[in-house]
Amino acid sequence: VAQSEDDYSDLLSALRSGAASGGSSGSRARAGQRNGSPGGLNPDLVDKFEQVLLERRHHQQRLEAAEARVSELEQRNADLASENVRLRTTAFGMTPHSAVTRGLYDA
């Protein structure tokens, strides 16, 4: 199930406050007794989770930038294709329709 960035941030805040306060629930205390950490939250795990979130955010930003670049290139390609059609039809003294029917370029 996909989680929003806000959900992850809220979870990280809850983990940090639980780790700082030592946890208040009995299940957290029992978990802490098992792993040796007060409150059951290992600060290293919380830090690792934060690092994963930061990496995820960085990768998401890179993906968005790449998608924007692809969109720009697609638009540029469409513009160049239109210019190509115009130049070919002008060079051969044809209308765009006759150039298509004679197969001078792929429409």
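What follows is a working chat about a predicted model of one protein chain.

Colleague: What are we looking at in the protein chain, helices or strands?
Modeller: Helices. The protein chain has four helices and zero strands. From the N terminus on, the elements run α-α-α-α. This is a predicted model.

Colleague: What is the mean pLDDT of the protein chain?
Modeller: The mean is 76. Of the residues, 64% reach 70 or more.

Colleague: And where is confidence lowest, and where highest?
Modeller: Lowest in helix H2, residues 26–35, with a mean of 45. Highest in H3, with a mean of 94.

Colleague: Over which residues does pLDDT stay under 50?
Modeller: Residues 23–34. For that stretch the model has ten contacts beyond four places in sequence. Where pLDDT is low, the predicted coordinates should not be read in detail.

Colleague: Then let's turn to H3. How many residues does H3 have, and what does it span?
Modeller: H3 has 49 residues, 43–91. From first C-alpha to last it reaches 71 Å. That is close to the 72 Å expected at 1.5 Å a residue.

Colleague: What caps the N-terminal end of H3?
Modeller: Asn-42 does. One of its side-chain oxygens lies 2.8 Å from the backbone nitrogen of Asp-44.

Colleague: And what comes just after H3?
Modeller: Gly-93, which takes a positive phi of about 60°.

Colleague: Which residues are buried in H3?
Modeller: Val-46, Leu-53 and Thr-89.

Colleague: What about Thr-90, buried or exposed?
Modeller: Exposed. Thr-90 has a relative accessible area of 54%, so it passes the 50% cut-off. Thr-90 also lies in H3.

Colleague: What does the side chain of Thr-90 reach?
Modeller: The backbone oxygen of Arg-86, at 2.8 Å.

Colleague: Switching topic. How many salt bridges are there?
Modeller: The count comes to two. One joins Glu-72 and Arg-69, with the closest N and O atoms 3.4 Å apart. In the other, the side chains of Glu-83 and Arg-86 meet at 2.6 Å, N to O.

Colleague: Why can side chains like these pair at all?
Modeller: Side chains of opposite charge can pair when their charged atoms come close.

Colleague: How are Glu-72 and Arg-69 placed along the helix?
Modeller: They sit three residues apart in H3, so about one helical turn separates them.

Colleague: And Glu-83 with Arg-86?
Modeller: Both lie in H3, three residues apart, about one turn of the helix.

Colleague: What relative accessibility do Glu-72 and Arg-69 have?
Modeller: Glu-72 is partly exposed, with a relative accessible area of 48%. Arg-69 comes out at 47% and also counts as partly exposed.

Colleague: And for Glu-83 and Arg-86?
Modeller: Glu-83 has 34% relative accessibility, so it counts as partly exposed. Arg-86 has 43%, and that is partly exposed too.

Colleague: Zoom out. What share of the protein chain is buried?
Modeller: Buried residues make up 13% of the 107 residues.

Colleague: What is the accessible surface of the protein chain?
Modeller: About 8,100 Å². Carbon and sulfur atoms hold 53% of that.

Colleague: Last one. What share of the contacts comes from residues 24 or more positions apart?
Modeller: They account for 44% of the contacts with a separation of 6 or more.

Conventions: Residues are numbered from 1 along each chain as its sequence is written. This is a predicted model: local features need pLDDT of at least 70, side-chain atom pairs count only at pLDDT 80 or more; totals for chains, interfaces and linings use all residues. Side-chain values use heavy atoms; hydrogens and water are left out. Helices (H or I, at least four residues) and strands (E, at least two) are DSSP runs, numbered from the N terminus. The expected span of a helix is 1.5 Å times one less than its number of residues. Buried means under 20% relative accessible area, exposed over 50%, partly exposed in between (1.4 Å probe, protein chains only). A polar contact is a pair of N or O atoms within 3.5 Å; within protein, one must be able to donate a hydrogen and the other to accept it, and residues adjacent in sequence count only if both atoms are side-chain atoms. A salt bridge is a side-chain nitrogen of Lys or Arg within 4 Å of a carboxyl oxygen of Asp or Glu. pLDDT is the predictor's confidence in each residue, from 0 to 100. Contact means heavy atoms within 4.5 Å. Accessible areas come from the Shrake-Rupley method with a 1.4 Å probe; for residues, only the protein chains shown count as cover.
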